[in-house]
Amino acid sequence: MDVLQQLLKTFFDWEAMGAVIPSMLTVGLPNTLILAVSSAILGCILGLVLAVMGISRNPIPRWIARIYTDIFRGLPAILTILLIGLGLGPVVRSLTGSTNPFPLGILALTLMAAAYIGEIFRSGIQSVDKGQLEASRALGFSYTSSMILVVIPQGIRRVLPALVNQLISLIKDSSLIYLLGLLASQREIFRIGNDAAANSGNLSPLVAAGVLYLILTIPLTHVVNLMDARMRSGKKEKIEPDEAAALVGKGA
């Protein structure tokens, strides 16, 4: 019983959780969403460029995209963040005079996300039937116009569930940005919980942070499942009232 009480006191101290949750909601949650959403948007833009380079007929952009993807998918996330945040930090300070590490954190997350999103886009684009490209070319579209207006939109639609999965990963990876030494007003959920745990010697604030991450990611996981099921089964046909009444009459 002593061990159980110690466990509950260390990880499930409701007072310690209650003391840290307000700052997590008012400071940590907005910063976490800014990091994740900003890097997701920028990662999608850069990832689409990488995807187009990856399917280019020119071998030079193909190799550039391949090398970039291999590097940023192969490096551990924590190492990438440290290399970008601490490596480029002095350069940015000398050029701009700013000591704000927040943009560097977004840059590190963006570079990592783009490597994965680029492969997601590439697989989606290459999954589109070649007949779509041939049909658009037969209608008089150029190759570039056919890709932009016909092929790429279809490919992106097919990989929407995978893109939401990448957003979930970015929400979790944003917890590593604390390594760059964020200002008090820039702390994300994990950093607030970690600071509170270090000050109190109790790990309950970290458990509270974990619960908030679950609240953010679990609904997104179900959104992915719904999107995937919808895309697999196709859109259900809407039954008009008269048709529904006819079906009921047949059943009777």
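Visitor: Is the crossing of H6 and H9 left-handed or right-handed?
Guide: Keep in mind that this is a predicted model. The two helices pack with their axes 11 Å apart, and the contact includes Leu-109 and Phe-121 of H6 along with Ala-162 and Asp-173 of H9. As for its hand, the crossing of H6 and H9 is right-handed.

Visitor: And how are H6 and H9 oriented to each other, roughly parallel or roughly antiparallel?
Guide: Start with the angle, which is about 165 degrees for H6 and H9. Angles over 145 degrees count as roughly antiparallel. H6 and H9 are therefore roughly antiparallel.

Visitor: How many residues in the contact of H6 with H9 are nonpolar?
Guide: On the H6 side you'll find Ala-113, Tyr-116, Ile-117 and Ile-120, among others, and on the H9 side Leu-163, Gln-166 and Leu-170 are included. By class, one residue of this contact is polar and one is charged, and the number of nonpolar ones is nine.

Visitor: What about H2 and H9, are they oblique or roughly perpendicular?
Guide: H2 covers residues 14-54, and its axis lies 9 Å from that of H9, at an angle of about 135 degrees. Roughly perpendicular would need 65 to 115 degrees. So H2 and H9 are oblique.

Visitor: Let's turn to the pockets. Which helix gives the most to the lining of the largest pocket?
Guide: The largest pocket has a volume of about 250 Å³. Helices H6, H7 and H8 each give two or more residues to its lining. With three residues, the one that gives the most is H8.

Visitor: How many charged residues are in the lining of the largest pocket?
Guide: The lining includes Arg-57, Asp-129 and Lys-130, next to others such as Ile-125, Gln-126 and Leu-133. Seven lining residues are nonpolar and one is polar, and the charged ones number three.

Visitor: Which helix gives the largest share of the lining of the second largest pocket?
Guide: That pocket holds about 150 Å³ of space. Its lining includes Val-52, Ser-56, Tyr-143, Thr-144, Met-147, Ile-148 and Ile-152, and by class it has six nonpolar, two polar and one charged. The largest share, five residues, comes from H8.

Technical notes:
Residues numbered from 1 in each chain as written. Predicted model: local features only at pLDDT ≥ 70, side-chain atom pairs only at ≥ 80, totals over all residues. Heavy atoms only, no water. 1 Å grid on protein atoms, 1.4 Å probe; cavity = no way out; pocket = protein on both sides within 12 Å on 5 of 7 lines; lining within 4 Å. Points joined across faces, edges and corners; volume = space filled by probe spheres on them. Helix = DSSP H or I, 4+ residues; strand = E, 2+ residues; numbered from the N terminus. Nonpolar A, V, L, I, M, F, W, Y, C, P; charged D, E, K, R; others polar. Axes fitted to C-alpha atoms, helices over the stretch in contact; angles between N-to-C directions. Parallel < 35°, antiparallel > 145°, perpendicular 65-115°, else oblique. Left-handed = near helix turned anticlockwise from the far one by under 90°. Contact = heavy atoms within 4.5 Å.
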